[in-house]
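Let's go through this model together and ask what lies behind the words used to describe it.

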Amino acid sequence: MAPSLLSRVNPQVLLRVGLALSFLYPAFSSLAEPSNWVGFFPMFLRAVIPDPALLYLFSGYEIILGLWLLSGKKLFFSSLLSCATLSGVVVLNLGALDLVFRDIGLAFSALALALGTHPKR
């Protein structure tokens with residue numbers, strides 16, 4: 001009997017793609033519509049780094065992180081960095097919890113991926 005489609009799907013790949021998209025979409029969207037995203041940066045950063053530079057730097061970081069997740073290389077480390085990034089977004093935007101609450105679930109997904117790919121496992 002041929003294996004079903006579900007038995008051939010790798011859950012790790014689904015987590016990697018989902019997490020990567022959660023970094024790639026905001027990165028490209030913030031470059032297209034900066035005014036929609038700049039408010040998520042804390043004022044202490046915006047006071048030191050000009051808004052356009054902050055957006056470009058963080059968008060570049062998110063693109064690199066998303067591509068790293070998709071590559072599957074050193075997945076434990078990219079997953080931990082993803083978890084830390086998403087957790088930071090939540091902590092620094094508690095006033096907008098209605099908007100960023102989904103990042104909590106994404107952070108736990110990244111943590112699960114990290115635990116499942118720990119090198120000593």
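Q: What makes a residue count as lining a pocket?
A: Lining residues have an atom within 4 Å of a grid point of the pocket. In this predicted model, the largest pocket is lined by 27 residues. Pro26, Trp37, Glu62, Val89 and Asp103 are the ones that lie nearest its centre.

Q: Which elements give two or more residues to the lining of the largest pocket, and which gives the most?
A: The elements are α2 (11-32), α4 (51-71), α5 (75-92), α6 (97-100) and α7 (102-116). The most comes from α4, with 6 residues. The space in this pocket is about 670 Å³.

Q: Which residues make the contact between α4 and α5?
A: From α4 come Phe58, Tyr61, Leu65, Trp68 and Leu69. From α5 come Leu75, Phe77, Ser78, Ser79, Leu81, Ser82 and Thr85. By class, this contact of α4 with α5 has 8 nonpolar and 4 polar residues, with no charged ones.

Q: What makes α5 and α7 roughly antiparallel?
A: Their axes cross at roughly 160° and come within 8 Å. Angles over 145 degrees count as roughly antiparallel, so α5 is roughly antiparallel to α7. This crossing of α5 and α7 is left-handed.

Q: Which residues of α5 and α7 meet, and how do they divide by class?
A: On the α5 side are Leu75, Phe76, Ser79, Leu80, Ser82, Cys83, Leu86, Ser87, Val89 and Val90. They meet Asp103, Ile104, Leu106, Ala107, Ala110, Leu111, Leu113 and Ala114 in α7. The residues of this contact of α5 with α7 comprise 14 nonpolar, 3 polar and 1 charged.

Q: How many helices and strands are there in the chain?
A: The chain has 7 helices and 0 strands, and from the N terminus its elements run α-α-α-α-α-α-α. Along the principal axes, its C-alpha atoms fill a box of roughly 60 × 30 × 25 Å.

Note on methods: Residues are numbered from 1 along each chain as its sequence is written. This is a predicted model: local features need pLDDT of at least 70, side-chain atom pairs count only at pLDDT 80 or more; totals for chains, interfaces and linings use all residues. Side-chain values use heavy atoms; hydrogens and water are left out. On a 1 Å grid over the protein atoms alone, a cavity is a set of points where a 1.4 Å probe fits but cannot get out, and a pocket is an open set with protein on both sides within 12 Å along at least five of seven lines; lining residues have an atom within 4 Å of a point. Grid points are joined across faces, edges and corners, and a volume is the space filled by probe spheres set on the points. Helices (H or I, at least four residues) and strands (E, at least two) are DSSP runs, numbered from the N terminus. Contact means heavy atoms within 4.5 Å. Ala, Val, Leu, Ile, Met, Phe, Trp, Tyr, Cys and Pro count as nonpolar, Asp, Glu, Lys and Arg as charged, and the others, Gly among them, as polar. Axes are lines fitted to C-alpha atoms, for helices over the stretch in contact, and angles run from 0 to 180 degrees between N-to-C directions. Angles under 35 degrees count as roughly parallel, over 145 as roughly antiparallel, 65 to 115 as roughly perpendicular and the rest as oblique. A crossing is left-handed if the near helix is turned anticlockwise from the far one by less than a right angle, and right-handed if clockwise.
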